[in-house]
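Have a look at the model first.

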Amino acid sequence: PTVTNTAASSVTQSGFTAGDEATGVAMTRRGFVLATGAAGEPAVTDPNVQLRLAFPWTDVFTAQSDPISVPTGVAYGAAWSADGAYLSVTHATTPFLTVYKRVGPQLQPLAAPATLPTGTGRASAWSADGAYLAVAHDVSPFVTIYRRTGDTLTKLANPAVLPTGNASAVSWSPSGSYLTVGHATSPFVTTYRRSGDSFTKVADPGDLPTGNVEGVSCDISGTLLAVAHATTPFLTVYSRSEEVFTKLANPSTLPTGTGTDVAWSPDGLYLAVAHSASPRLTVYRRDGTTLTKLTNPTTLPAGNGAGLSWSADSLSLAVAHATSPFLSLYRRCGDALTMLTDPSVLPTGAGLGAAWSPDGQWVVVTTDTAPYLRTYERGTGTLANGAYSATYEGLSSTTSFRLRACAEYAAGVAYGPTITVTTTAPPPP
């Protein structure tokens, strides 16, 4: 492929000149890295700069048709399996859990498990290998764990020690070795060690959350556990060493109200907290075990935050909230979050949960109003005349693989030039 470019808007760009040959395109968790230059020299000579050219999504989200069978009541949360093959939705009204299989552009409901959760489903989470599904719910045993074999979910034996109250949140460690349940009633958070299909409670942290837990999230390393809860400080973060959880110092700036959900970005660098009271969304950058609050987005969620989900590349954040438009979508560049244009068709009621599909194509929001579930498809680039139409972090595309680079410097972030790559084939999926 060849490269053409326009002038940089706010950063001096070296190495990109018209007609240069692109020497390689590599895929990372966070997007494309484009290297160009003559005689094998890299396009960017500053070792502190990485040009990340993201997967070719647009910022247009189109509502999809409802599944043939929708949840039977208010839907509180949704979760995708890591391979994107299954979507679990927790809701009020029996069966309290509905699992869909993604078949092309359709969500097809699976048969309900033989043994259902015993009360309103509040949240669910898949183990990274997709073999286990944990459901947090009202009514004892408060957590129900299934093993998946093909399209069949089989309930496992309850842990010997159960959570102490209605459960609202659940999260697996990346290895699938630990499962954490957030719930009402002290100790508010209960963690289990998995051995095969058995779950054994580990010791509670020495410092417990200060109130009912509404959200839990384990980071990509499996060593940091974030907990969103009622009562100040509204967010508690633990480091885990073996089976010992140690509370970290609170961030210097706390969420302003009850924490309702929490989510680590997949790259482990950012922590988002949904909460009551303005700004309703608080995002931190992690440096080691220190969390530093980012500047609030210019446009905030319109209502109290309820559910969160990062895209797999950590570049987009979905926030479900109580007031129209009920779902707010943000693009992240460096430490800045920019709200995207609302979908033309909004969710039907208060947003309660959000889930971004692992491939970045779909965003699901769960609501308190029928049909309780809305799926949006994110627009993509198209092939035309041998050129690939794409975008970078949501900026508009043209007829070629045209991207505006976001250069991440050691000292900060700057927007680079618009780069147009004309190629005879699309980049790798």
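Two strands count as paired if DSSP finds at least two bridges between them. The strands themselves (E, at least two residues) and helices (H or I, at least four) are DSSP runs, numbered from the N terminus. Keep in mind that this is a predicted model, where local features need pLDDT of at least 70, side-chain atom pairs count only at pLDDT 80 or more, and totals for chains, interfaces and linings use all residues. Residues are numbered from 1 along each chain as its sequence is written, and side-chain values use heavy atoms, with hydrogens and water left out.

**The E6 to E9 sheet**

Let's start with an open sheet of 4 strands, ordered E6-E7-E8-E9 and paired antiparallel. Strand E6 (75-80) and strand E9 (106-109) sit at the edges with a single partner strand each, so one side of each has no neighbour in the sheet. From one strand to the next the twist averages 30° (axes are lines fitted to C-alpha atoms, for helices over the stretch in contact, and angles run from 0 to 180 degrees between N-to-C directions).

Going through the pairs, E6 and strand E7 (residues 86-91) are antiparallel over 5 bridges, and tryptophan 80 stands opposite leucine 87 in E7. E7 and E8 also pair in the antiparallel sense, over 5 bridges, with tyrosine 86 opposite lysine 101 in E8. Their hairpin has 5 residues between the strands, and threonine 93 there takes a positive phi near 75°. E8 and E9 are antiparallel over 4 bridges, and valine 103 stands opposite glutamine 106 in E9. The E8 and E9 hairpin has 2 residues between the strands, with glycine 104 at a positive phi near 60°.

How covered is strand E8 (residues 97-103)? Mostly: 5 of its 7 residues are buried. Buried here means under 20% relative accessible area, exposed means over 50%, and partly exposed is in between (1.4 Å probe, protein chains only).

**The E10 to E13 sheet**

Another open sheet of 4 strands runs in the order E10-E11-E12-E13, again with antiparallel pairing. Neighbouring strands are turned by 30° against each other on average, direction ignored. E10 and E11 pair in the antiparallel sense over 5 bridges, and alanine 123 is opposite alanine 136 in E11.

**Salt bridges**

Side chains of opposite charge can pair when their charged atoms come close. The rule used for a salt bridge is a side-chain nitrogen of Lys or Arg within 4 Å of a carboxyl oxygen of Asp or Glu. By that rule the count is 8 salt bridges, including these:

| Pair | N to O distance |
|---|---|
| aspartate 138 and arginine 122 | 2.8 Å |
| arginine 147 and aspartate 197 | 3.2 Å |
| aspartate 335 and arginine 285 | 3.2 Å |

Aspartate 138 and arginine 122 meet in a salt bridge that links distant parts of the chain: aspartate 138 is in the loop between strand E11 (132-137) and strand E12 (143-149), and arginine 122 is in strand E10 (residues 121-126), 16 residues apart. Aspartate 138 is buried at 15% relative accessibility, while arginine 122, at 25%, is partly exposed.

Arginine 147 is partly exposed at 31% relative accessibility, and so is aspartate 197 at 33%.

For the salt bridge of aspartate 335 with arginine 285, aspartate 335 is in the loop between strand E28 (327-333) and strand E29 (336-339) and arginine 285 is in strand E24 (residues 281-287), so the pair ties together parts 50 residues apart in sequence. Salt bridges that share partners join Arg285, Asp287 and Asp335 into one network. Aspartate 335 is partly exposed at 35% relative accessibility, as is arginine 285 at 25%.

**Serine 316**

Serine 316 lies in strand E27 (residues 316-321). Is serine 316 buried or exposed? Serine 316 counts as buried, because its relative accessible area is 4%. Its side chain makes a polar contact with the side chain of arginine 378 at 3.2 Å. A polar contact is a pair of N or O atoms within 3.5 Å; within protein, one must be able to donate a hydrogen and the other to accept it, and residues adjacent in sequence count only if both atoms are side-chain atoms. Leaving aside neighbours within four places in sequence, serine 316 is in contact (heavy atoms within 4.5 Å) with Ser309, Trp310, Ser311, Tyr330, Trp356 and Arg378.
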